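This report considers a protein together with an RNA strand. The sequence and the structure are shown first, and the description follows.

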Amino acid sequence: MTASSAPASSYKDTLNLLQTPFSMRANAKVREPEIQAFWAELQLYERLSQENPGESFTLHDGPPYANGALHVGHALNKILKDIINKTALLQGKRARFIPGWDCHGLPIELKVLQGLKSSERTELTPVSLRKKAHAYALEQVEGQKAGFRRWGIWADWDQPYLTLQKSYEAAQIGVFGAMVLAGHIYRGLKPVHWSPSSRTALAEAELEYPDGHTSPSVYAAFPAVELPPALGSQLSAAGLNPEDATAAGGLAVAIWTTTPWTLPANLAVSVNERLDYAICAVSGRGEAKAPAVSHLVVASELRESLETSLGLGLKPLLNVKGADLEGIVYRHPLMDRTSPVVIGGDYITTEAGTGLVHTAPGHGVDDFNTGRKYKLPVLCPVDEAGNLTAEAGPFAGTNVLKDANPTILEALEATGLLLKQERYEHRYPYDWRTKKPTIFRATEQWFASVEGFRAAALEAIAQVEWLPASGRNRIEAMVSERGDWCISRQRTWGVPIPVFYHRETGEVLLNEATLSHIQALIAEHGADVWWERDEAGLLPAEVAADAAQWRKGTDTMDVWFDSGSSWAGVLGGITGSESRAPQLHYPADLYLEGSDQHRGWFQSSLLTSVAVNGHAPYKRVLTHGFTLDEKGRKMSKSLGNVVDPAVLVEGGKNEKQEPAYGADVLRLWVSSVDYSADVPLGPGIVKQLADVYRKVRNTARYLLGNLHDFDPSRDAVPYAELPLLDQWMLQRTAALIDSVSGDFERFEFYRFFQALQNFCVVDLSNVYLDIAKDRLYVSGATDFRRRSCQTVLALVVERLAGLIAPVLCHMAEDIWQNLPYGVAERSVFERGWPTAPAEWRQPALEQPMDQILQLRALVNRQLESCRSGGQLGASLEAQVQLELGDGAESTRAALSWLEATAHPSVDNLADWLLVSGLQLGGSAPDAVLAEAAEGGITVRIARAAGQKCERCWHYETDIGHHSAHPTLCGRCVAVLS
RNA sequence: GGGGGUGUAGCUUAAUGGUUAGAGCGACCUGCUUAUAACGGGUUAGUCUGGGUUCAAGUCCCAGCAUCCCUACCA
């Protein structure tokens with residue numbers, strides 16, 4: 001080398017600069033799939049989840065619905081699960097993860113129906129519909145699966161569980177059967193949305209609420225025939241003789257309805273016990289005809305407005321609470337029977353009507369519930385076409401959508417008990433297909449009697465660990481208040497309720513023999529067999545001879561019963577079913593879903609498991625919130641704030657506007673937020689995450705790039721010989737490992753995210769690596785000064801890769817594959833969870849180092865003031881003088897500690913401050929550029945003495961002492977020679 | 001309508017009822033050109049609103065506002 005004549009820049013070639021193929025930018029679109037292919041080739045998930053030495057770990061997947069594109073909610077859920085599973089795998093556990101899909105149910109059925117031509121629809125049979133739905137669901141599963149895999153989720157993708165699989169359906173029948181045999185299943189009436197025009201029950205999703213629906217609005221008087229004694233005496237005191245009140249033409253309760261056709265089914269009048277009611281004297285007013293009663297009960301608050309709307313004088317005679325009205329018996333104005341006044345609930349308001357609600361338990365949900373409280377019968381005198389039946393007496397044969405209302409009103413008018421009739425416009429549900437109004441109609445349904453195992457369910461809840469703890473209150477309240485679970489649906493795409501009805505008597509055939517026979521049939525042929533075969537083909541041998549007498553049911557199960565049986569269908573939690581893999585166990589270690597699943601899957605799974613086995617199907621339940629936009633609003637197309645995970649990962653149409661950030665950025669987002677509440681996501685947040693991703697990546701790249709000539713087995717410096725600075729760096733690394741281990745243990749990934757950032761930015765970039773540059777670049781390649789640093793870099797980069805692996809799995813593997821020296825493990829995941837040797841933990845290093853770093857910050861501020869004054873550029877142009885006075889004791893102590901224990905070639909305060917000269921005490925330098933005193937420390941900045949060494953950029957006074965290198969300092973000359 | 005959750009700088013987040021509310025990112029200013037579509041340095045700003053309890057409130061209580069989830073439905 002002829003350095004003497006070469007231009008200064010040629011000394012650059014004598015430095016030990018970065019070399020690594022680990023690129024600064026991720027190129028995630030290409031690189032991530034390559035890494036995933038590498039894992040697949042190694043069979044990494046399969047081997048770790050089955051062959052790891054530790055205990056098994058079961059995170060049981062809640063099945064997403066097999067319809068539609070993946071959204072960020074899916075990403076949050078599945079990535080959280082994957083972070084937990086990957087952590088467990090790194091920790092040596094056998095974390096087998098069987099992904100699932102919920103495949104039955106209305107949305108898919110409707111999707112299929114919508115896709116049919118009208119000609120196809122007329123030829124449609126249940127079996128052909130089911131075949132189409134089956135195919136559709138599988139197609140959706142494949143689409144979603146591809147998305148999940150692209151996110152780097154590890155799972156048994158080739159053997160997922162689907163609720164439409166034969167074995168799953170059979171296990172579900174097993175759960176149902178066990179509940180039947182335990183006496184938890186019964187048949188009863190329940191009002192459902194019913195479409196007379198299409199003669200079917202409708203689900204909420206099949207209803208629409210067109211504008212402009214008007215109903216007859218009817219006020220009627222129901223004459224009292226009996227009063228509770230207390231009310232009677234109050235009336236006497238107010239001047240109304242109870243005997244007159246209960247005589248014809250006396251007292252009546254005023255009710256309001258918009259469905260007069262339900263009046264024949266009236267079995268009660270409900271009041272709100274907390275509302276005030278007035279008993280009023282009625283007088284005719286103007287042209288209005290006075291009704292055939294002398295007194296009316298109405299809500300006090302509505303009395304005045306009713307005077308106007310009814311055109312009556314209503315003079316208050318007595319004010320009572322709703323509770324006082326309970327026990328009045330009234331005569332039905334149209335039917336020959338009497339019924340009670342009962343206490344309803346807070347659904348009874350004074351917003352409209354009279355404050356007294358006409359109650360027909362067969363035709364309304366509130367009515368039904370109130371009726372149950374008072375053990376009223378469920379009268380439903382309407383057939384499936386909407387025709388009133390014989391039970392409706394004189395109105396039999398009229399139709400609820402046609403002549404029932406006018407006929408009934410006419411009859412009411414004739415009694416003189418019709419107070420008022422007008423048109424009323426309100427929201428009313430219509431059949432979305434026929435565009436005709438629907439009704440509420442009580443129908444026979446199948447129920448699980450929650451009452452039968454509520455106490456056990458509450459006990460089971462108490463045994464589970466709920467995270468966050470508020471989840472327990474939530475599900476506890478729901479389970480303790482909920483009614484029985486209606487598990488039947490009048491649908492085709494689902495698991496059949498395996499029951500037979502006697503064709504003549506209606507008797508139900510549902511017993512151990514039929515259940516196990518049908519379970520076996522479904523296990524062999526799938527649930528389609530229920531529709532493909534006739535009764536003779538479905539009944540067990542001993543009954544088959546009488547098959548003609550029996551009719552198979554047409555109901556299917558609520559899909560929540562499907563997914564709620566997954567502990568049986570997947571984890572083998574019921575006799576006769578097998579778990580999908582030997583590593584799975586029941587109860588599961590963990591369920592992890594959105595907080596809406598307290599009402600959904602957490603609860604349906606709990607109820608079935610408790611009913612069958614007496615305990616919860618899970619030991620812990622972790623919930624996450626919902627994904628909102630950056631302003632905390634929900635994502636919607638109309639607001640234009642939807643973040644599509646596919647676009648985020650793979651890029652949009654215009655990659656300049658919507659770059660391909662890759663799965664790791666999506667995963668980093670999941671790790672960055674406190675998911676115990678709702679989590680925000682939007683373009684600004686994505687950009688920030690991309691910045692953090694790049695910071696981590698560049699930090700790793702720097703570590704790798706400085707190890708290109710390092711082999712730990714040959715070059716590593718033993719811990720005990722490492723300089724203080726290096727020991728401090730390893731102490732920081734150990735502290736990071738410890739805190740992050742705890743963060744993952746507690747599922748507090750956002751703390752990991754914060755700690756990772758601080759580690760990369762502060763500990764590494766700002767401090768250690770900045771100081772390390774001189775050691776790495778300038779020193780001779782094999783100098784202790786450099787090898788010791790490289791020792792640390794290698795130790796840190798391997799552990800950094802491990803710590804980020806659960807979250808930034810692709811980057812972690814990319815780091816591992818770019819380690820420039822040989823390691824035993826082919827994958828970072830084979831290395832296991834990072835650990836730190838005990839000797840690294842030297843908390844005693846922290847205190848003096850903190851003092852020195854504070855001193856460094858003080859010096860930096862002064863250097864900056866010189867820089868902004870144009871007096872300095874690089875900090876190496878400066879020299880620093882320090883004086884430590886009163887108040888700087890801890891700094892003085894730290895410097896003494898440094899001096900006493902320093903490794904001279906590295907632990908040098910001037911190097912740590914990145915300045916060319918440092919003077920402690922003594923006289924102030926000439927030409928001080930900046931001076932500041934703080935906490936007893938005086939800092940003075942001056943230009944460094946000497947000239948700039950062309951190679952190491954330090955200002956030294958020994959430049960040019962060597963004739964071959966006239967622009968170099970003595971240190972660099974020594975390195976070159 | 002009912003039940004539940006959340007609300008700390010522009011963003012993500014810290015803070016057993018107890019110092020001047022702590023970080024990282026961003027933004028702005030700036031240096032370096034040996035991490036260079038990189039790296040360093042500096043600056044910046046905050047407890048949703050209003051009451052209450054307390055010597056002391058981001059933290060506990062009440063009300064309101066915003067927002068999300070569940071639920072009911074409009075007789």
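Which helices and strands each supply at least two residues of the surface near RNA strand B? They are β10 (251-257), β17 (356-359), α15 (470-481), α25 (683-705), α28 (749-778) and α32 (846-868). Helices (H or I, at least four residues) and strands (E, at least two) are DSSP runs, numbered from the N terminus.

The model is predicted: local features need pLDDT of at least 70, side-chain atom pairs count only at pLDDT 80 or more, and totals for chains, interfaces and linings use all residues. Residues are numbered from 1 along each chain as its sequence is written, chains are lettered from A and ligands numbered from 1 in the order in which they are written, and side-chain values use heavy atoms, with hydrogens and water left out.

**The RNA surface**

Around RNA strand B there are 63 residues, of which Arg25, Val357, Asp674, Gln757 and Trp953 come nearest; a residue is near the strand if one of its heavy atoms lies within 4 Å of it. Of the atoms of RNA strand B that come within 4 Å of the protein, 73% belong to sugar and phosphate. Helix α28 gives the most to this surface, with 13 residues.

| Protein atom (N or O) | Oxygen of RNA strand B | Distance |
|---|---|---|
| Thr258, backbone | sugar or linking | 2.8 Å |
| Arg701, side chain | phosphate | 2.6 Å |
| Gln757, side chain | sugar or linking | 2.3 Å |

**Sheet and domains**

An open sheet of 4 strands has the order β2-β28-β29-β21, with parallel pairing; two strands pair if DSSP finds at least two bridges between them. Its edge strands, β2 (59-60) and β21 (465-467), each pair on one side only. Between β21 and β29 (residues 618-624) there are 3 bridges in the parallel sense, and Glu465 stands opposite Arg620 in β29.

Chain A is divided into domain 1 (171-196 + 443-581 + 596-618), domain 2 (208-433), domain 3 (685-828) and domain 4 (846-945), with bounds from an automatic or database domain assignment. The C-alpha centres of domain 1 and domain 4 are 75 Å apart.

**A loop residue**

Glu825 is placed in the loop between α30 (809-817) and α31 (828-831).

How values were computed
A polar contact is a pair of N or O atoms within 3.5 Å; within protein, one must be able to donate a hydrogen and the other to accept it, and residues adjacent in sequence count only if both atoms are side-chain atoms.
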